[in-house]
Amino acid sequence: MALPKEYVTMMRELLGEEAEAFLASYGEPKRTALRLNALKDEPGEADGAEKKGGDEENDGPQAGRSFVRGRDPVAWAEGAYYTDETERPGKHPYYYAGLYYIQEPSAMLPAELLDPQPGQRVLDLCAAPGGKSTQLAAKLRGTGLLVTNDLATERTKALAKNIERAGVRGAVVTNESPAKLASAFGATFDRVLVDAPCSGEGMFRKDEDMVRQWDAESPARYAAMQDDIMKEAAKLVAPGGRLVYSTCTFSPVENEGTIARFLAAHPEFGIVATRWPAEWGFAPGRPEWLTPEEVSALGQARAATLAGTIRLWPHRVRGEGHFAALLQRAGAEGAESETANGPASARASAGAEAPERPKANENAAGGGSLKSAKRGKRNRTDRGGAEAAGRGSPAGGRERTGGDADALERYDAFVRESLHGWEPPGKIRIKGDYVYAVSELAGNMQGLRLVREGLLLGRATKHRFEPSQALAMGLKFGQAALCLRLRGDDERAIRYLKGETLQPDPQMITGPDGEPSRMRGWTLVCLDGCPLGWGRWDGATLKNELLPGWRQV
Ligand SMILES: C[S@@+](CC[C@H](N)C(=O)[O-])C[C@H]1O[C@@H](n2cnc3c(N)ncnc32)[C@H](O)[C@@H]1O
């Protein structure tokens with residue numbers, strides 16, 4: 001691979017003897033991986049009925065696990081496995097079912113480091129296309145609040161789609177500047193991720209366009225952008241809350257430089273040093289790469305704490321390379337007063353040490369105390385209630401902003417007729433024709449550019465309610481009154497994904513108990529217990545309701 005001359009010179013100067021091994025890694029195949037979606041790993045309502053059928057190997061939640069059997073796990077990420085570079089997991093129907101997300105292995109580190117706990121308020125500030133957001137959402141397990149944002153409007157479409165495909169039920173997707181989010185939400189997030197736009201030197205092996213786009217000024221240009229983003233990110237972290245900064249680049253004017261400038265301007269933050277098993281091949285950040293100006297602004301002792309950040313080098317780990325820093329804001333976790341946007345709560349991360357406390361004369365206050373786990377009890381959204389309550393319950397707060405007054409009725413009728421034991425993840429909000437479930441934890445989001453203010457449930461047209469793909473993907477097997485159950489390599493899954501009408505044996509259309517049903521209407525098409533989308537069953541034919549944008553092309 002032809003690398004820019006200035007880049008090679010810079011890396012030789014930085015790495016010295018190690019540079020040859022680093023540069024040789026560009027001749028190696030790129031590393032690819034996928035991460036199982038833990039949201040699909042929760043048993044569905046009719047799981048027991050499935051098991052009675054005797055085909056345990058392929059039962060819904062088991063499907064992903066059998067798909068990854070025999071693959072090498074990615075050591076630092078939960079449920080992640082290496083794939084073969086020649087494989088095309090993006091073509092498999094399981095991908096469309098949201099059973100896994102295809103993600104570069106080292107890019108899985110930042111969300112692991114941020115380690116959000118169920119019930120917490122989490123913000124992913126530079127999120128598109130959503131790899132790390134889907135990982136964070138899985139860790140929240142359908143509780144708390146995830147706000148996922150990107151400044152690039154076009155990229156938020158892919159972000160919303162990936163969130164919906166993963167079956168995330170209550171995320172807010174915004175298309176805003178960090179400054180606007182900071183003034184709307186204030187310091188209310190327990191966890192904030194800044195996966196910053198960067199010069200992308202760790203992407204060279206994966207995408208040659210990144211090599212072409214790089215020039216000697218790229219690192220400094222992106223470093224300035226990162227300084228601006230981090231300044232706003234600081235305003236969004238609750239006292240005692242945590243902030244992860246990450247990039248997929250190697251230059252020290254970004255990475256250590258960005259963190260040093262941030263810490264110098266934000267004495268209320270400190271680095272949380274982390275320990276990892278030596279065999280993972282992680283390397284510490286390099287305080288010695290800071291400029292004299294950066295060191296003098298920060299102070300020697302605090303500059304030294306940069307060794308607590310993490311560098312993933314492609315010649316040392318099975319990944320393309322990354323930088324990550326875990327920071328903590330001073331203050332007791334979860335102790336802040338309730339704000340317009342709700343309280344925050346937090347818990348200390350396993351495997352992490354308390355942030356380095358600078359000395360008094362270092363002009364810095366270091367990180368907060370790490371209280372032992374409260375596990376975010378205050379914020380937890382309890383969804384247990386209606387789960388066992390039979391037919392879908394249209395309960396929950398509701399609010400209509402314009403639109404047809406009958407929209408709510410049509411939505412309620414749909415829930416009664418077509419869902420089973422399902423409860424919306426938040427209060428129902430109708431906007432024009434569209435019906436959403438909006439998390440109570442989101443607070444007032446007026447004035448923000450909202451791509452999704454919550455789970456898009458569907459559209460109430462003049463005559464009926466049309467359930468959304470997002471709703472389909474967020475359901476568990478057994479939560480639809482009617483289901484077409486496909487299994488394993490049934491070629492009808494692909495035909496459905498291509499938009500074809502199906503004519504399954506009526507015995508395959510089942511109710512929530514897994515038994516054949518004689519009902520007609522909206523039918524959830526499931527592959528190994530995981531939803532693919534909607535169809536409409538008339539007793540003989542299943543009309544395909546998968547929207548063109550969700551089909552396999
Ligand atoms: C490294 S990518 C994010 C990748 C993403 N976290 C993932 O895991 O899929 C950086 C993102 O930052 C976005 N971005 C650039 N400037 C931004 C800003 N000022 N505020 C928020 N997002 C920004 C870009 O549009 C880009 O999508």
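The model is predicted. According to UniProt, in an unreviewed entry, the feature "binding site" comprises Cys-126, Ala-127, Ala-128, Pro-129, Gly-130, Gly-131, Lys-132, Asp-150 and Asp-195. These positions are spread over 70 residues of sequence, yet they cluster in space, with a largest C-alpha distance of 12.6 Å. Around the ligand there are 18 residues, of which Cys-126, Gly-131, Leu-151, Ala-152 and Asp-195 come nearest. By residue class, the shell around the ligand holds 11 nonpolar, three polar and four charged residues.

Two of the annotated positions, Ala-128 and Asp-150, are set out in the table.

| Residue | Location | Other C-beta atoms within 10 Å |
|---|---|---|
| Ala-128 | loop between strand 4 (121-124) and helix 7 (131-140) | 25 |
| Asp-150 | loop between strand 5 (145-149) and helix 8 (153-165) | 26 |

Ala-128 counts as buried because 25 other C-beta atoms lie within 10 Å, where the cut-off is 20 or more; Asp-150, with 26, is buried by that criterion. When neighbours within four places in sequence are left aside, Ala-128 is in contact with Asp-150, Ala-152, Arg-155, Thr-156, Ala-158 and Leu-159. With residues up to four places away likewise not counted, Asp-150 touches Cys-126, Ala-127, Ala-128, Arg-155, Thr-156, Leu-159 and Asn-175.

The geometry of helix 8 agrees with expectation, because its 13 residues, at 1.5 Å a residue, should span 18 Å, and its end C-alpha atoms are 19 Å apart. Just after helix 8, Gly-167 takes a positive phi of about 75°.

In soluble globular proteins, nonpolar side chains tend to be buried together. The largest nonpolar core here has 137 residues, among which Ala-137, Val-192, Val-194, Ala-233 and Cys-526 touch the most other members. Helix 11 (residues 218-236) supplies the largest share of this core, seven residues. Leaving aside neighbours within four places in sequence, Ala-233 is in contact with Leu-125, Pro-178, Val-192, Val-194 and Leu-243.

Conventions. Residues are numbered from 1 along each chain as its sequence is written. This is a predicted model: local features need pLDDT of at least 70, side-chain atom pairs count only at pLDDT 80 or more; totals for chains, interfaces and linings use all residues. UniProt positions are given in the numbering used here, feature names are shortened, and annotations may be inferred rather than shown by experiment. Helices (H or I, at least four residues) and strands (E, at least two) are DSSP runs, numbered from the N terminus. A residue is buried if 20 or more other C-beta atoms lie within 10 Å of its own, exposed if 12 or fewer, and partly exposed in between; C-beta atoms are placed from the backbone. Two residues are in contact if their C-beta atoms, placed from the backbone, lie within 7 Å. The expected span of a helix is 1.5 Å times one less than its number of residues. A residue is near a molecule or strand if its C-beta atom, placed from the backbone, lies within 6 Å of it. Ala, Val, Leu, Ile, Met, Phe, Trp, Tyr, Cys and Pro count as nonpolar, Asp, Glu, Lys and Arg as charged, and the others, Gly among them, as polar. A nonpolar core is a set of buried Ala, Val, Leu, Ile, Met, Phe, Trp, Tyr and Cys residues joined through C-beta atoms within 7 Å.
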